[in-house]
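Here is a short report on aromatic contacts and a few paired strands. Have the structure open beside you as you read.

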Amino acid sequence: MTDTPPVPENPKRRRKVVIVGAGFGGLTVARGLAKADVDVTVLDRHNYHCFQPLLYQVATAELSPADIAWPIRHVLKDQANARVLLGAVTSVDVANRKVVADTVTLPYDELVLATGATHSYFGRDDWAPVAPGMKRIEDATVIRRRLLMAFERAELAADPAERERLLTFAIVGAGPTGVELAGAIVEVAKKVMPADFRLIDPRTAKVILIEAGPRVLPAFPEDLSNYTKAALEKMGVDVRVNTRVTHCDAAGVDLEGGRLDAATIVWAAGVVASPAGEWIGAERDRAGRVVVGPDLSVPGHPEIFVIGDTASVKRPDGQPVPGVAPAAKQMGAYVADVIACRAREAVPPPPFAYKHQGDFATIGRKAAVVQLPFMNMRGFTAWLLWCVAHIYFLIGVRHRIAVAFKWAWDFATFQRGARLITDQKDQI
């Protein structure tokens, strides 16, 4: 009879890493741990990773959702130490180190919260149904549906005032999303739609960009901001700065200076962090972001990391790290390094240091602004650099080729192939 081999008294257990959220930051953590001696679980309420910077192109029928989203399981399919679960977090048991979701309860040794941000209506969440923001694929397809339906219903409208309302598009907020969306809608109305309709002239559509502050793109240098405003106005966008929205409803928006009747309203005025800070009872800033330490962990809980739009991280000059994809990816790579060092009992890396790679915003066809650490750019050259940078950040060669081809085709023909109305339940 063969003796049973003795069981080690203190077997080394692999550390369990739970990552909540599969955005830029969460996926970077997961992939950065591919060779670490840990078990990785990625939990997300969607089964896909979305390239948010191009959501506005889905909303304006330039791209289809499949061009900018990838199944999370496919992204991590070759990583043996990672698994992907679909579910929404309901709470975190910090004392017992467990994540409680609607589908499963997950124990963890390290927890990474990378749950992003959502739209902020500054206390007026009742505006959300009539003024959708743009953070998810579902948001973009809702806006696309409303945009296309506005033209369809204008074609049917007998009342000139109603037709004018239907062809008025109000965008609240003149950050990069608002600027890019305004320019794209103008191009759709003036270049794409005219040949498709017989009773209306889509070129008469009005696009109003509303900004409470004194200038568009407030995070950019003033000269680039001024260039952007002038370029938008040359395209036909009605840019209204120093204008505050006081109310939104299905018929339009109330401004401090009067009423604006508009059938389609898009909210691009602000964001608020996910409720991750509430799950763990952590200190948060005014936008709900979790205040983290130098290693991006929660003070008092070195096993919990918060990254991306969910985290409040400061640069050495006291300015906040911006909520952009490169920042989330840098935080994700850093946290993966910290966790990998712990797993092999190595010296941890020095405190996180954000390296700003630049700010980009496209205005429209052949026009963009770029702020780099060493120079500023605008116009056609900046637009080409914007295109290259965004194609580079897409996942997979196939998607890069597909998006590049669609952009080239649209540039040459002014055609947009994703103008499908798949759900007509919205009333405008």
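A residue is called buried when its relative accessible area is under 20%, exposed when it is over 50%, and partly exposed in between (1.4 Å probe, protein chains only). Helices (H or I, at least four residues) and strands (E, at least two) are DSSP runs, numbered from the N terminus. The model is predicted, so to speak with its own entry rules: local features need pLDDT of at least 70, side-chain atom pairs count only at pLDDT 80 or more, and totals for chains, interfaces and linings use all residues. Residues are numbered from 1 along each chain as its sequence is written, and side-chain values use heavy atoms, with hydrogens and water left out.

Let us begin with strand β7 (residues 98-101). In a regular strand the side chains alternate between the two faces of the sheet.

Two strands count as paired if DSSP finds at least two bridges between them. β7 has such a partner in β6 and another in β8, as the table shows.

| Pair | Sense | Bridges | Facing residues |
|---|---|---|---|
| β6 (residues 89-93) and β7 | antiparallel | four | Val89 and Ala101 |
| β7 and β8 (residues 105-107) | antiparallel | three | Lys98 and Pro107 |

Both connections are hairpins. Four residues lie between β6 and β7, and Arg97 in that turn has a positive phi of about 55°. Three residues join β7 to β8.

**Aromatic pairs**

Rings of Phe, Tyr and Trp (its six-membered ring) pair if their centres lie within 6.5 Å; planes under 30 degrees apart are stacked, those over 60 are edge-to-face, and the rest are tilted. The count by this rule is ten aromatic pairs. One of them is Phe122 with Trp267: the ring centres are 6.4 Å apart and the planes stand at 55°, so this pair is tilted. Phe122 sits in the loop between β10 (117-119) and α5 (137-156), and Trp267 in strand β17 (residues 264-267), so the contact ties together parts 145 residues apart in sequence.

Are these two partners buried or exposed? Phe122 is exposed, at 58% relative accessible area, whereas Trp267 is buried, at 6%. Together with Tyr121 and Trp127, they form one aromatic cluster.

Tyr334 and Phe352 make another pair, with centres 5.6 Å apart and planes at 70°, so it is edge-to-face. Tyr334 belongs to helix α10 (residues 325-343) and Phe352 to the loop between α10 and β23 (359-364), 18 residues apart. Both Tyr334 and Phe352 are buried.
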